[in-house]
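My entries follow in the order in which I went through them.

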Amino acid sequence: MYSPSFKLVLTSLVSVTVLTVSNGSVYAFHRGGVGECEGCHTMHNSYEGQPLTPTSPVGMSGKYLLKGSDQSSVCLNCHQKAGDIGPTGFHVSTADTDMPTGTPPRQLTPGGDFGWLKKSYTWIPSLGATTQTSVGDNHGHNIVAQDYGYFPDAYRTTSPGGNYPSTYLGCTSCHDPHGIYRRLSDGSISTSGATIKGSGSLVGSADPDPQGAVGVYRLLGGVGYNPKSLSGGFAFSYNPPAAVAPDIYNRSESSTQTRVAYGSGMSDWCRNCHANIHTDAALTPLKHPAGSPNGNLSVDYTSYYDQYVKDGDMTGMEANAYLSLVPFEAGTSNYATLKSIVTNTPTKGPSTTDGTPAVMCLSCHRAHASGWDGSMRWNNQTANIVYNGKYSQETDAFQPYGQGRNSLEAQKAYYDIPATLFSSTQRPLCYKCHATGTK
Ligand code: HEC
Ligand code: HEC
Ligand code: HEC
Ligand code: HEC
Ligand code: HEC
Ligand code: HEC
């Protein structure tokens, strides 16, 4: 069982690493481990002079002397900021005032902006058809952060394919606020051993050595992780994945794509809460392999991925085949290889010289939220993601394709990747791997 003692938490407080983020300012807080206690806790049951409000839906307020009504509100005190004019550093949520009706959320991180959970869309597909809806709750993980207007999923009471309670889902369900998990110099993941000297998530992160470990990818929880406030048998069975993100990862992809080198273990990590998703036992919404070995890309799938540029164009090659809307796992936990993949431009497709590439959960989904149903990277509920050369048909009365998103919203949901990179009648991106197949 995971139970970091006060002492254990304090021992991780040692390191000082400073990161530079996109706007040039220098920020550092967690440094791959636990940040200053005062960043999240108040020592006198007050927050900026005000008593804590005892109204938390999960009954947390005051309990751990947190600076917010619940765990995730504490995170959003820093990870959301009203007034952001574009994608900003480590922000993963857009304030309501910065995304009025008709405008999209602003953050473009690999995980995605939780603001999409507050965006619902309606459209009429054809003359006489009933109005269709894509509700915000279906756009990703509904974190409970009541100070910021986020509430539990109204439709799913537990994780599909598992039994994690939706009323408890928050940032700290997935990320360890105390950053106890670390990667040691022998590559193993542990909750003890050398102290954490900095983040291990980025291409610019130092490598671990016998004197200093690094944080696991994105401070994710590992084997045994279970927040103290959640009782029951929810402790994780799998460790965090091997992956490396670029130093600047929250940016528009209008001219170049943001390449995360996913290495291995992402699908097992998601299975901590979704053990039986897309398997024989749970055929809805689809049966599909993910992760190694079942999801390994055979020679055929690797060459489809490399050659497929868009519908009707199979002239691509490995050297520039990567599409951030359909990432894959390189099939390795070698960090030198993963770092070289991140820095390589233009960025390459699956390659057996790097490892054994595989399809994984994040080939199709975003970890936080997206502009589409099922937290999908592309709209999988439509026959064409681009129609008439455009992502959105906002001026048309009937919208079987753009589905109620205006051009600004659809463009952002595709991270500003121009629609002109695709066929003028582009089908959903399953075809990047199933180039010759029917869906
Ligand atoms: C990034 C935010 C964050 C930081 C920094 C942080 N904590 Fe916490 N802490 C939390 C949250 C959230 C909880 C509630 C966890 C839960 O739901 O069980 C918590 C719970 C605790 C608990 C009680 C439950 C447990 O897990 O043992 C202790 C003790 C604690 N924190 C001590 C500390 C100390 C000491 C520091 C500084 C070295 C610190 N925390 C830094 C967010 C943080
Ligand atoms: C006091 C401000 C502050 C609070 C509160 C805070 N964060 Fe952060 N967070 C940052 C900053 C600054 C960064 C970027 C630099 C870094 O990692 O230290 C960051 C980075 C991160 C990263 C990426 C780290 C990496 O190494 O890749 C994760 C994941 C994260 N935060 C999760 C959380 C969660 C979960 C909470 C709430 C339990 C939280 N943060 C609370 C300021 C904060
Ligand atoms: C369901 C699990 C889950 C929840 C809930 C979750 N995260 Fe994450 N988060 C992840 C994963 C997985 C990644 C890595 C995504 C990637 O690289 O594609 C990530 C990435 C991040 C990053 C790095 C930037 C990015 O988006 O890629 C930050 C910062 C972060 N999370 C903060 C938060 C905060 C703050 C919350 C709550 C408001 C939160 N996360 C809730 C799983 C989660
Ligand atoms: C800590 C538990 C936990 C982990 C880890 C987790 N999930 Fe979830 N997930 C949930 C819960 C609970 C729900 C149902 C509530 C909701 O949809 O907000 C859910 C819902 C979903 C949905 C449906 C979202 C929608 O709105 O249609 C998808 C897709 C999903 N998860 C994918 C993933 C992927 C991919 C990962 C790994 C990156 C992952 N999950 C990791 C708990 C988790
Ligand atoms: C080949 C693409 C693909 C892969 C790989 C994939 N999914 Fe999905 N997933 C989908 C599609 C498509 C849907 C239906 C989305 C929608 O609502 O339109 C879906 C739906 C879901 C849902 C919601 C199910 C429900 O009943 O509401 C969850 C949870 C989920 N996926 C989790 C995962 C996890 C965890 C993994 C990795 C183990 C994974 N997916 C791998 C394509 C994929
Ligand atoms: C990153 C590559 C990739 C993407 C994207 C992808 N697939 Fe697959 N798919 C695979 C691989 C690899 C297999 C396993 C093939 C095998 O075992 O021969 C597979 C198998 C399948 C199967 C057979 C499943 C079974 O076991 O019976 C179906 C159906 C399928 N995919 C549909 C889809 C759909 C629908 C999408 C889009 C939502 C999609 N795929 C996206 C790589 C991918």
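**Entry 1: the chain as a whole**

I looked first at contacts (heavy atoms within 4.5 Å), and residues 24 or more positions apart account for 61% of those in the chain with a separation of 6 or more. The model is predicted, with local features needing pLDDT of at least 70 and side-chain atom pairs counting only at pLDDT 80 or more, while totals for chains, interfaces and linings use all residues. Residues are numbered from 1 along each chain as its sequence is written, chains are lettered from A and ligands numbered from 1 in the order in which they are written, and side-chain values use heavy atoms, with hydrogens and water left out.

I then noted eight helices and 11 strands in the chain, taken as DSSP runs numbered from the N terminus (helices H or I, at least four residues; strands E, at least two). Of the 439 residues, 50% count as buried, where buried means under 20% relative accessible area, exposed over 50% and partly exposed in between, with a 1.4 Å probe and protein chains only.

**Entry 2: a three-strand sheet**

I followed an open sheet whose three strands have the order β8-β7-β9, with antiparallel pairing; two strands pair if DSSP finds at least two bridges between them. The edges are taken by β8 (189-190) and β9 (214-215), each with a single partner strand, so one side of each has no neighbour in the sheet. Strand β7 (residues 182-183) is joined to β8 by two bridges, and I find that arginine 183 has isoleucine 189 of β8 as its bridge partner.

**Entry 3: cores and helix α5**

For the nonpolar cores I used sets of buried Ala, Val, Leu, Ile, Met, Phe, Trp, Tyr and Cys residues joined through side-chain atoms within 4.5 Å. The largest has 32 residues, of which Tyr150, Tyr305, Leu325, Tyr391, Phe422 and Leu429 touch the most other members. A second, separate core of 26 residues includes Tyr181, Leu220, Tyr225 and Cys273.

Leaving out residues up to four places away in sequence, I listed what tyrosine 305 touches, including Tyr322, Val326, Phe328, Pro350 and Cys433. Which residues of helix α5 (residues 299-307) are buried? They are Thr302, Tyr305 and Asp306, and seen down the axis of α5 they fall within an arc of 95°, so they line one face of the helix; the arc is that of the directions from the helix axis to the C-beta atoms. An α-helix has 3.6 residues a turn, so residues three or four places apart point the same way.

The iron atom of ligand 3 is coordinated by His175 (NE2) and His368 (NE2), at 2.0 to 2.1 Å. Histidine 175 is in the loop between α3 (171-174) and β7 and histidine 368 in the loop between α7 (361-364) and α8 (407-413), so the pair ties together parts 193 residues apart in sequence.

For the iron atom of ligand 5, I found His278 (NE2) and His365 (NE2) coordinating at 2.0 Å. This pair links distant parts of the chain, with histidine 278 in the loop between α4 (266-270) and α5 and histidine 365 in the loop between α7 and α8, 87 residues apart. The site of the iron atom of ligand 5 is octahedral, with angles of 88 to 179° among its six donor atoms. Histidine 278 is buried, with a relative accessible area of 18%, and histidine 365 is partly exposed at 25%.

**Entry 4: backbone angles**

Most residues other than glycine have a negative phi, and most peptide bonds are trans. Histidine 278, although not a glycine, has a positive phi of about 60°. Tyrosine 415, in the segment after α8, has a positive phi near 55° and is buried, with a relative accessible area of 4%.

I also noted that the peptide bond from serine 292 to proline 293 is cis, with omega near 0°, and that proline 293 is in the loop between α4 and α5. The bond from threonine 345 to proline 346 is cis too, with omega near -15°, and proline 346 is in the loop between α6 (335-343) and α7.

Key. Donors = N, O, S within 2.8 Å, 3.2 Å for Na, K, Ca; no water. Tetrahedral: all angles 85-135°; square planar, octahedral: opposite > 155°, others 65-115°.
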